[in-house]
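Hi everyone, thanks for coming.

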Amino acid sequence: LARPHGSYAQADVQAIASEYFTVAGPLGLDPLLAASQMIEETAHLSSFWSQPPRHNMAGIGVTGEPGAEVSFPTAAEGVRAHIGRLLAYALKKGTETPGQSSLIAEAMAFRPLPDDRRGVAPTLAGLAGPGRWAADPQYGTKVAWVANQVTQTA
């Protein structure tokens, strides 16, 4: 909240943060890491794609290729799609719980993920590299750094 967060009011930011903890934790995903990825991807919710009416909380499809980016009807749906996509990257197809599978399917309805990328990122390091979430080889380290900053200021 101490950083600029675009057009989101303080209550909006608190609701978005709450959504990460409400959705991710029960599905076995660390909500702090998911929220930290959102912070890294959106520059503290100030990026163009994170702002209403786009609500893209994780740069999903924002590759520079026209038309590849994805918008979500609400911030809550953007958070759910982000968490579902992270779960898809973390879990091999067929190893999910029913709840995880349901959220992954919800996320994949917005933008599919090829089966060969399922399960490639059980840790943050797996999100980095060609054909992954981010091409930057230091991506996982950057997300971890954000998480450490959040815990130090919380």
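Predicted model: local features only at pLDDT ≥ 70, side-chain atom pairs only at ≥ 80, totals over all residues.

Let's start with a term: buried means under 20% relative accessible area, exposed means over 50%, and partly exposed is in between, using a 1.4 Å probe and protein chains only. Residues are numbered from 1 along each chain as its sequence is written, and side-chain values use heavy atoms, with hydrogens and water left out.

So, how many aromatic pairs does a search of the whole structure find? Three. To count, ring centres of Phe, Tyr or Trp (its six-membered ring) must lie within 6.5 Å; planes under 30 degrees apart are stacked, over 60 edge-to-face, and the rest tilted.

One of them joins phenylalanine 48 and tryptophan 49, edge-to-face, with 5.3 Å between centres and 90° between planes. Phenylalanine 48 is exposed at 54%, while tryptophan 49 is partly exposed at 23%.

Then there's tyrosine 89 with tryptophan 133: centres 5.4 Å apart, planes at 45°, so that pair is tilted. Tyrosine 89 lies in helix H3 (75–90) and tryptophan 133 in the loop between helix H4 (98–110) and helix H5 (139–153), so the pair ties together parts 44 residues apart in sequence. Helices here are DSSP runs (H or I, at least four residues), as are strands (E, at least two), numbered from the N terminus. Both partners are buried: tyrosine 89 at 3%, tryptophan 133 at 13%.
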